Amino acid sequence: MSTNQDLKKLLESIDKNLLLQLLESLLKDVEGGR
Amino acid sequence: MKRIAIIQLGRSCDVVDTFSSVAGLKKKYPDLVIDFIVRDFELSTAQLCREADNVYGLPTAAILGPNQAKEERLAHLISWLADTILMSTEAHGPYDSVINLTFSESSSFLTQLIPALHRKGLHRASDGARQVKDPWSLYVTSQVLTKNLDVFSLKELFNRIADVDPQKNSIVSTLIEKRKKVVQKNLIGLAEDLRHFDPEPILNLLQKKEYQVKKFRLFTSRRNHYLVAPWYESLDASLKKRLELMAPPSNLDRLLECSQIIAFSRSRESSLFSLMGLDVQDLSLKAHVIGNQFSLDRFFAQAYQLLFEFRCSGNKLETNPPLFDFREPHLEEHLNLSLDAMKALSESCTFARKSCIDIIKNIEDKKLLKELNERINEVDYLIQSIRNSCFYLKPIIDFWELAKENVMGDNLLTLASCTEGVYRELQENISILQDLLKISLDATEASQSKKGHELKGPEDAHLH
């Protein structure tokens, strides 16, 4: 990342709910052996 | 300059399978920037794809590493996303398109998280529900999610979009070169779900002089490994000595260790092996014969391919109609069952369509609407029972089911008219199938009379 401001801007643009769901489903993949 | 991202979170075979399409897209659109997203342990494989402009590896293991709190995992995920994808979209704007070639839940969330103007393949609606909108993804998803006949592959379709012949690709020479350098070992079998499969005839075939193979290795996909392992354990000890079950391959190098590879599962699953210049096709055909792949299977596989080609792109596949072999056991029985089921399906559709139109005509009459809705439910029940009784019609019914689930509208009028359309499409599909079947039966008859053979099958197996 170039600056903290850039980082902040990028983080704000991410949908937190989707991120959490992605994380959950990655965990499920591991449990399911994928 | 257009930019696209291709998501392939599958294993080596899937990653390599995607190469030819990436190359084809690049050839067709030289200015197109293609970013290729894989899991990080497939990064070295994906980097073999010279036509991809950027290759990103989703670091699953690092994100999920042991003893990490959820916040740490999330931070890791955010940092990866920000450092790779979002940095790129910040600089160049959102991708013109993201194409998800994977069917996992995780890939659908990732697809949604990447800023893009269009999304193809499995992704998410704004409320998080699973969503596919474009017809080819709809069809392919219905196939994969319901695990039915593998009549069409997304990768194959993707190859067609990219206008390439997957066999003619620069990656082939790279792989063959790489393979020459590795230790020569014996054979691998490629397997999918083999729980009900008797390996002995295949092993006997392979041990014959022409193949000179003494010991076999059986590779499965990671997901199927858990299904295959109990099957393997149940085999006789003598068989187990000849056949070694390998842990799922996680990278290309492990597969490249083998000097000879024989695939006896679905031929398109073995495309990695054919890419490596190995003689897969010949043997898989023989294996198919052993595996009782009948001409009716071939007919439906090809008929669905044609049908969905037509539905998805409007193109016509140039192909000869598959011929039937009336000497096959149970062919007549299965053919008649399929014909009856098609007729019943078509009649059910007529009934359901009429009920939908009645709903539109009587939109104010709540009592009647309730009745009509019940009638449609009864039809659906009937369609489901046909689905369960006729193996060959499953894919077409799955397609209908998925389309019906995806009917959207904010009022009853729209819902009823869209639903009528869904039944109409199913009915049209059946009609196309019936026409194709007639063509194949006629072609079989013509071919047999040409050869002077006596037609042993049912003289009356016609549709009209």
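Let's begin with B:T89, which sits in helix α4 (residues 70-92) of chain B. Helices (H or I, at least four residues) and strands (E, at least two) are DSSP runs, numbered from the N terminus. This is a predicted model, where local features need pLDDT of at least 70, side-chain atom pairs count only at pLDDT 80 or more, and totals for chains, interfaces and linings use all residues. Residues are numbered from 1 along each chain as its sequence is written, and chains are lettered from A in the order in which they are written.

B:T89 counts as buried because its relative accessibility is 9%; buried means under 20% relative accessible area, with a 1.4 Å probe and protein chains only. Beyond its neighbours within four places in sequence, B:T89 is in contact with B:P94, B:Y95 and B:P115, where contact means heavy atoms within 4.5 Å.

## Chain B as a whole

Stepping back, chain B has 19 helices and 11 strands. Of its 464 residues, 50% count as buried.

## The nonpolar cores

A nonpolar core is a set of buried Ala, Val, Leu, Ile, Met, Phe, Trp, Tyr and Cys residues joined through side-chain atoms within 4.5 Å. The largest one has 42 residues, and B:F300, B:F324, B:L345, B:L393, B:I396 and B:Y423 touch the most other members. Its largest share, 10 residues, comes from α16(B).

What about B:Y423? Leaving aside neighbours within four places in sequence, B:Y423 is in contact with residues including B:C349, B:I376 and B:W400. Apart from this core lies another, of 27 residues, among them A:I14, B:L9, B:Y56 and B:W80.

Technical notes. Heavy atoms only, no water.
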